[in-house]
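Here is a friendly walk through one protein model, from its ligand site to its domains and a few side-chain pairings. Please have the structure open as you read.

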Amino acid sequence: MTRPIRLEIDLSAIRHNFQFTRQHAQARRLFAVIKANAYGHGVLDTAKALADLADGFALLNIEDAVALREAGIQHPIALLEGPFDAAEAAAMAEYRLSGAVHSLEQMDWLAKGSARGAVEVWLKVNSGMNRLGFPPAQLNEIQARLRTMPQLRLSTIMTHFSSADDDYGVDEQWRRFAPLAQASGLETSAANSAALLRHPHTHGDIGRPGIILYGASPFDSATGTELGLRPAMTLSADIIAVQTLQSGDAVGYGRRFIAGQAMRIGIVACGYADGYPRIAANGTPVAVDGQASGTVGRISMDMLAVDLSHLPQAGVGSRVELWGAQVPIEQVAAAAGTISYELMCAVATRVPRVLRG
Ligand SMILES: *Cc1c(COP(=O)(O)O)cnc(C)c1O
């Protein structure tokens with residue numbers, strides 16, 4: 001007896017999406033980005049599913065990296081933001097983790113060293129995102145210093161694009177980064193999913209695909225399925241009650257939806273405490289037993305309502321896909337004023353997970 005909601009993860013879709021990325025990318029190597037619990041898909045399951053395909057993995061939390069090592073993953077693992085303190089810098093050597101260096105503090109932590117040997121370092125350049133990274137003007141000095149530090153081995157120069165997915169594009173950042181990369185003689189890493197699909201001149205040595213591995217599109221203009229990707233995550237829940245409304249009846253908190261005519265609605269065992277966005281508009285797409293419909297009224301903590309007026313055969317026990325192969329997560333995200341990434345990462349731990357593939 002469990003609440004009728006589940007998150008299905010299709011590992012064969014993640015593998016398909018990796019191979020799709022490989023076909024479209026010029027990068028010599030691809031590090032699968034599996035931060036944030038592999039965008040909600042499960043960091044260990046995803047890493048194992050990609051073990052024979054990916055050249056390496058990139059993530060944030062050292063705890064996840066250590067868990068991968070303890071599970072037997074021998075691949076290169078890069079910490080995208082580098083160490084957060086001296087203990088992490090030492091653990092990087094112990095667990096053979098490489099990582100970004102974007103600050104003088106990190107250089108000090110790494111300088112303390114570890115008996116376990118040198119840490120592989122990716123020098124992070126702020127080419128215009130203005131989040132992390134050294135400014136281009138400081139790069140010569142920083143590189144010179146890094147090259148004198150025996151506790152680390154500088155292998156790669158990296159940057160991150162703010163607008164690889166939109167019309168602004170990457171030109172301005174690439175103009176700043178490319179000459180530094182060339183002069184450094186290091187391996188280069190710049191491209192996220194959007195750049196891997198749209199800006200081949202930026203691919204360099206190591207591509208860093210994230211969202212496309214999970215089957216969603218980085219672009220507003222197309223869904224993942226339209227690009228040739230397969231959605232790896234399906235969130236679905238069952239109808240647990242049916243209500244018959246007369247014209248003028250309201251649904252849910254704040255009476256945000258008022259029936260304009262007689263209608264039937266289904267109450268679904270999924271709410272914002274499961275990770276479905278509370279702010280989703282009336283009419284956010286769902287599929288009821290495979291048939292298109294939409295939400296009605298405000299999303300509650302544990303429930304939401306969907307229109308069944310045109311689906312007389314649907315009722316208690318019908319399965320409602322909230323996003324997945326039938327309901328593009330990009331459309332749900334758009335109806336909630338956000339992006340697929342946020343929905344994937346926000347699925348709550350109380351939702352039971354089912355692995356496929
Ligand atoms: C998250 C992240 C990526 C992957 O981005 P996607 O848009 O999901 O492909 C790549 N590089 C860095 C530094 C990141 O933080």
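## The ligand site

A residue counts as near a molecule or strand if one of its heavy atoms lies within 4 Å of it. By that rule, the residues around the ligand are V33, K35, Y39, L80, H160, N192, S193, R208, P209, G210, I211 and Y341.

Three of these side chains deserve a look for their polar atoms. A polar contact is a pair of N or O atoms within 3.5 Å; within protein, one must be able to donate a hydrogen and the other to accept it, and residues adjacent in sequence count only if both atoms are side-chain atoms. S193 places a polar side-chain atom 2.5 Å from an oxygen atom of the ligand. For R208, a polar side-chain atom is 2.8 Å from a ligand nitrogen atom, and in H160 an N or O atom of the side chain sits 3.4 Å from a nitrogen atom of the ligand.

## About the model

This is a predicted model, in which local features need pLDDT of at least 70 and side-chain atom pairs count only at pLDDT 80 or more, while totals for chains, interfaces and linings use all residues. Residues are numbered from 1 along each chain as its sequence is written, and side-chain values use heavy atoms, with hydrogens and water left out.

The protein is divided into domain 1 (26–208) and domain 2 (233–356), with bounds that come from an automatic or database domain assignment. Their centres, taken over C-alpha atoms, are 39 Å apart. Seven residues of domain 1 are in contact (heavy atoms within 4.5 Å) with six residues of domain 2.

Together the domains bury about 560 Å², 65% of it on carbon and sulfur atoms; buried area is the accessible area (1.4 Å probe) that two parts lose on being put together, summed over both. Y39, G40 and H41 supply 73% of the area that domain 1 buries against domain 2, more than any other three residues. Across this interface there is one residue pair in polar contact, both at pLDDT 80 or more.

## Salt bridges

How many salt bridges does the whole structure hold? The search finds 15, counting a side-chain nitrogen of Lys or Arg within 4 Å of a carboxyl oxygen of Asp or Glu. Between domain 1 and domain 2 the count is zero.

Because E8 lies in strand β1 (residues 5–10) and R319 in strand β17 (residues 319–323), the pair ties together parts that are 311 residues apart in sequence. Strands here are DSSP runs (E, at least two residues) and helices likewise (H or I, at least four), numbered from the N terminus.
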